[in-house]
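Here are a few exercises to work through with the structure open beside you. Try each task before reading its solution.

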Amino acid sequence: MTLIAILSHMSPVQKVVPQYLPGNLSCADLVNLGDRVNQANFSSVTEFVLLGFSNLGEIQLILFAVFLCLYLIILSGNLTIITVIRLDRSLHVPMYFFLGILSISETCYTFVILPKMLLNLLSLLRTISFINCAIQMFFFLGFAVTNCMLLGVMGYDRYAAICHPLRYPILMRWQVCGQLAATCAVIGFLFSLTGSFLVFELPFCGPNKINHYFCDISPVIQLACTETYINELVIFAGGVLALMVPLTFICISYGFIVRTILKIPSTDGKRKAFSTCASHLTVVIVHYGCASSVYLRPSTKFSSNKDRLVTVTYTVVTPLLNPMVYSLRNKDVQMAIRKVIARGRFYPKAL
């Protein structure tokens, strides 16, 4: 078969490729190259392997015990906050309404990641199907961005309470609170849908080993067998919006809060006003600090060992920090827990 006959049966993509190749390739080489180009037009990968902490050997058993304990503490802590806010009428105010929503989101957020991670720590078979990997990324990103938005809304709530106390009941009436919470969730999952689509619409036809313990954007997109620059650029822009817009909003809110607090004449009044913001600020610093270090940079700079440590912080430590900070530092929550326990109403059916 002549070269002209071969080219006549090739696709347009295959016809273009030889123009940029050395002239010493045979007709068979051109045909094989064309076959490889065709293979890049679809995903042949049906499952991925989550390498996770497999390089740590027997230490994985210790990690399993540690992460299992932390996961149980996260579940019990967040469920405690949700239950107490539900049962104690003194906590039926906007600040604790958003705290309850944040606790629900954090519980779902950890449920998407940690059970699979714990299972992989005990298993030699660390596979996850292509579809399940996409689903995991979708819900992880959805709840993560929702948490960012909720922290921004909680900052606005503190601003309204401290800077506009007389208008606070109107500014943060229950209808507005419900709309704000719903908007956070909608924005979160719209970002998630876009990001997941930009990753999984790429062809995966070669390596399938994800150097991470869950399907995160950077380690997955690196396995694509095509150019990913445009997809990464759009995802990066989305990450900047999802992180920096609410963070900027929080900083502006606290700028007004600090200015208002400094005008309070009494020291006790200043201390009380600052104490209502301390818990929120602690969570904001940890959450945004860790997330920004991973997502506010190109995926090509992904460093598996360093980023695994950072992601453990915001997938395990931050959800653990929320209930601990809000229960240990917040006297209202502490008193509500004592009252609920004293009444003997603290049991799962109360939910």
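**Exercise 1.** In this predicted model, work out the strand order of the open sheet and find what packs on the sheet.

*Solution.* Start with the order: the 3 strands run β2-β1-β3, with mixed pairing. Next, look at the edges, which are β2 (127-129) and β3 (209-210), each pairing on one side only. Then take β1 (residues 47-50) and β2: they run antiparallel and are joined by 3 bridges. Phenylalanine 48 has isoleucine 128 in β2 as its bridge partner. Finally, helix α6 (residues 130-163) packs on the sheet, where it touches β1, β2 and β3, and its direction makes about 85° with that of β2.

**Exercise 2.** Classify the ring pair of phenylalanine 53 and tyrosine 213.

*Solution.* The ring centres are 5.4 Å apart, which is within the 6.5 Å limit for a pair. The planes meet at 20°, and planes under 30 degrees apart count as stacked, so this pair is stacked. Now place the partners: phenylalanine 53 sits in the loop between β1 and α4 (59-87), and tyrosine 213 in the loop between β3 and α9, 160 residues apart. With relative accessible areas of 11% for phenylalanine 53 and 2% for tyrosine 213, both are buried.

**Exercise 3.** Is valine 220 buried or exposed, and which residues does it contact beyond its sequence neighbours?

*Solution.* Valine 220 lies in helix α9 (residues 217-221). Its relative accessibility is 0%, and the cut-off for buried is under 20%, so valine 220 is buried. Leaving aside neighbours within four places in sequence, its contacts are Cys133, Met137, Val199, Phe200, Phe204, Ile210 and Cys215.

Terms used:
Residues are numbered from 1 along each chain as its sequence is written. This is a predicted model: local features need pLDDT of at least 70, side-chain atom pairs count only at pLDDT 80 or more; totals for chains, interfaces and linings use all residues. Side-chain values use heavy atoms; hydrogens and water are left out. Helices (H or I, at least four residues) and strands (E, at least two) are DSSP runs, numbered from the N terminus. Buried means under 20% relative accessible area, exposed over 50%, partly exposed in between (1.4 Å probe, protein chains only). Contact means heavy atoms within 4.5 Å. Two strands pair if DSSP finds at least two bridges between them. Axes are lines fitted to C-alpha atoms, for helices over the stretch in contact, and angles run from 0 to 180 degrees between N-to-C directions. Rings of Phe, Tyr and Trp (its six-membered ring) pair if their centres lie within 6.5 Å; planes under 30 degrees apart count as stacked, over 60 as edge-to-face and the rest as tilted.
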